[in-house]
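Hi,

Here is the structure I promised to pass on.

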Amino acid sequence: MMSRLSSIRWGRSGERSWASIVRQLRRPPVLVLVFMLLIAIFGPLFAPYDPLEPQPMNTLAAPSWAHWFGTDDYGFDIFSRVIYAARIDFSLALLGVLIGGGIGSLLGAFAAYRGGFIDWVLLRFVEIVQSFPVLLFALALFAAIGGGSRNMVLAIAIVNIPMYLRIIRSTLLPLRTAEFIDAARCAGLSGPGIVIKHFIPNAKGQIFSLFVLTCAYAIQIIAGLSFIGLGVEPPHPEWGSMINSGAGYIMLGVWWPSIFPGLAIVLSVYAVNGLSREQMTGQLRGSI
Amino acid sequence: MLKSLLIRFAVMAVGVLSLLSVAQADGHRTLRIAVADDVATMDPTFGQSGATNLFLKNTYLQPIQYAIPAGSYESTNADTTDFEGNSVASWEVNGNNIVLSIRQGMTFPTTGNPVTADDFWWTLERALGTKAGPAWVWGNVGITSMDQVKRVDDWTIELIDTRPSAIQFPLMRDQTLGLLDSKEVSSHATDDDPWALEWMSRNYAGNGAYVLDTWEPGTRIVLKANPNFFADEPFFNRIEMIVIPESSNRLAMLSTGDVDIAFALSAAELSRAEKARGVKVLSIPDRQKLNVGLNVRPGGAFEKVKLRQALAYAVPYDDIVFGVLKDRAAKSAGPMSVNSRFFSLYNLADMPNYYTDLDKAKELLQEAGHGDGFAFELITAKGVPHVEQAAANLKSSFAKIGVDMTITPVSQATMGEKNGQGTYDAFMRDWLTDYVDDPYYHFFLWWGTGVVINWTGYSNTEVDEWYQSTASIVDDSERRGPYRNAIRQLIKDSPMLWLADGDYTLAVREDIGGITLHPDTLLYFRPLNRM
């Protein structure tokens, strides 16, 4: 039973050759995502200016050879800040989703395994949290716990827990009555042991798809909250806050402080969303 | 037939042209102003925000005012040594008593009630009764009880046993002291609300140079010239204050000519405004200050003087003055603005001062026991571009001496709360200005131990003695010595980083003139005109 389920979810093992990697990279979302991740990791090596060193005598300078993306109203080099912001946005999103996804998946698997009152309580919790729009809920959390990068990660984690809990629970619910689970129980494996050793591995595909999808949401939430002045401490570079600080100048014909960080968000969300969609489509095909 | 048609056409054309010229003339005498926020209250007692104070100053009649310069001019500074009557036509000082002659022949336009000494008496009684802003103002004039206010006759009030000081008369021009229609306001009083606070918050009861025409909350407020005003009719017979929260939209409306004046533009926007056709930017040296307040209380982050001095030497003054503020400011030289009348009168330019010297800053940091650097949090007013930009420049410069400054933008309410409670390391607020240009006013507000807005928690017994010794001295030359001592000590102790003394800036259409800069920076509408 276990091997059958595994083959449904992970039926493409053994394809990890260089040719496969090259084939993957030909897909636009993967290519863009790899590009953005490389920027996040190695970007600071190529950034021509310190992103926290303002040049107050050179504010709102148009794009030029000296400043490829121009400068903003602080005199910061926008190109350098867009690069540095990639690291901040991706790391906050990844960290928040890893924490939230991890806790949510474990709780979902536990609810699926135990059922009964615990399952009922966890589901009601999920329904309550999910009755609020995600951004509004994140805003309320910020109002309660305050702004800052650490709390941004916390907020991302908290809004992700219900999403993972509900989906992983429904994915794993059929396993509760599976024979191999009974066998594991008879062999003396404890409840948490069964959840970690048998339930979670059977939801890997779902967790990965969700992880990619929720990363895209997380980037949007971070940008949205920073746009309205919450989140990353100023003057650290962050795409949303960069768009906000430049928004007032668009009507004056100064488009560059907002457009370039905006493009960075569009590319990131396109890449992560695209990957998630392809992964889900692949799973769907696999399960049919 | 043809002749008849031509005559009809000619008559119609003349009619249309006449209507158009009347409309144009009306537009010519209408002033449109883009403001950032709405008027919060019609009650002079509770004015707080800029737009509200602007409204109160122009629609209510304060007892006196700084003399408005005569003649034609684009802009000028009000003469803060010369006063003229407003609701009070004249006054006479007899020792500690002041006899006020209420201006005769005035009425309140919304009710037609005549203005008498009863209105002045009741307005003052209400001010003391509400214990709000004007009670504080009258208290510093020396009036704390209605026993000190005597109604001599229908047109005369005597203030008894007042406290003569250099700020006594300047305080009586405060926008919170506007005269109220006592009959009208008191008719709305109830047992629960004896001063009709609720009614006054939404209803107008004054007789300033302009009176309320319509108020569409959140959208616009329209004023019309007071037909019964005691002085000459102003050039503009209609003022429209249009609420435009976004500064870039205010600038766009000014550029297209939809408004004549745009308030509260950022330094970068002012630079853009200068390049717009038909727009001019006035930049008048003023006393408003951009400061960083340090928490110097025992146990506070900046208890050590040398630590404060180290930061004062690490401030990138030129970057802030010439870069962030686009040269519309001057480097500060201490607590009194370089544009104060007293800066030259007391020769404060010869005081010791701070300048950017990172080596010296590092030495002082070492002496303060923080050679390895230290970290602190700066709270800033949220959404004020030049404050955020100045903070970013400070952060960058402080990092060079090993000081890690975290910037936390907060709302005005949070800023006020933290300032009041002293629960912060450092704060930055922009364009703080004394509504009266006087060192006594400055010290008894900011630097006396435990005084009203001594947010830094600074306390020095010598400074207290120096400024308090001048409390009843009116003569400027007699006060020179104590204030030079107090200012020197304050600069040495550096409870604030005095960054810049900003200009009063205003973006207007190029035909607007008659702008007078008062110490409270509230624009006076009456002298405005089209040049």
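Below is what turned up, starting with where the chains meet.

Before that, some housekeeping: this is a predicted model, so local features need pLDDT of at least 70 and side-chain atom pairs count only at pLDDT 80 or more, while totals for chains, interfaces and linings use all residues. Residues are numbered from 1 along each chain as its sequence is written, chains are lettered from A and ligands numbered from 1 in the order in which they are written, and side-chain values use heavy atoms, with hydrogens and water left out.

**Where the chains meet**

On the chain A side, 20 residues are in contact with 26 residues of chain B (contact means heavy atoms within 4.5 Å). A:Pro56, A:Tyr74 and A:Leu252 supply 29% of the area that chain A buries against chain B, more than any other three residues. For both chains together, the buried area is about 1,800 Å², with 62% of it from carbon and sulfur atoms; buried area is the accessible area (1.4 Å probe) that two parts lose on being put together, summed over both.

Which residues make the salt bridge between the chains? Look for B:Lys400 and A:Glu53, whose side chains meet at 3.6 Å, N to O. A salt bridge here is a side-chain nitrogen of Lys or Arg within 4 Å of a carboxyl oxygen of Asp or Glu. B:Lys400 sits in the loop between α14 (385-399) and β16 (403-410) of chain B, and A:Glu53 in the loop between α3 (28-46) and α4 (78-114) of chain A. Helices (H or I, at least four residues) and strands (E, at least two) are DSSP runs, numbered from the N terminus.

**Two backbone spots**

A cis peptide bond joins A:Pro234 and A:Pro235, with omega about 0°. You'll find A:Pro235 in the loop between α10 (204-227) and α11 (239-247) of chain A. Over in chain B, B:Lys131 has a positive phi, near 55°, and is not a glycine. B:Lys131 lies in the loop between α3 (117-130) and α4 (133-141) of that chain.

A cavity is a set of points on a 1 Å grid over the protein atoms alone where a 1.4 Å probe fits but cannot get out, and lining residues have an atom within 4 Å of a point. The largest cavity has 16 lining residues, and B:Arg287 and B:His442 are among the closest to its centre.

Cheers

Notes. On a 1 Å grid over the protein atoms alone, a cavity is a set of points where a 1.4 Å probe fits but cannot get out, and a pocket is an open set with protein on both sides within 12 Å along at least five of seven lines; lining residues have an atom within 4 Å of a point.
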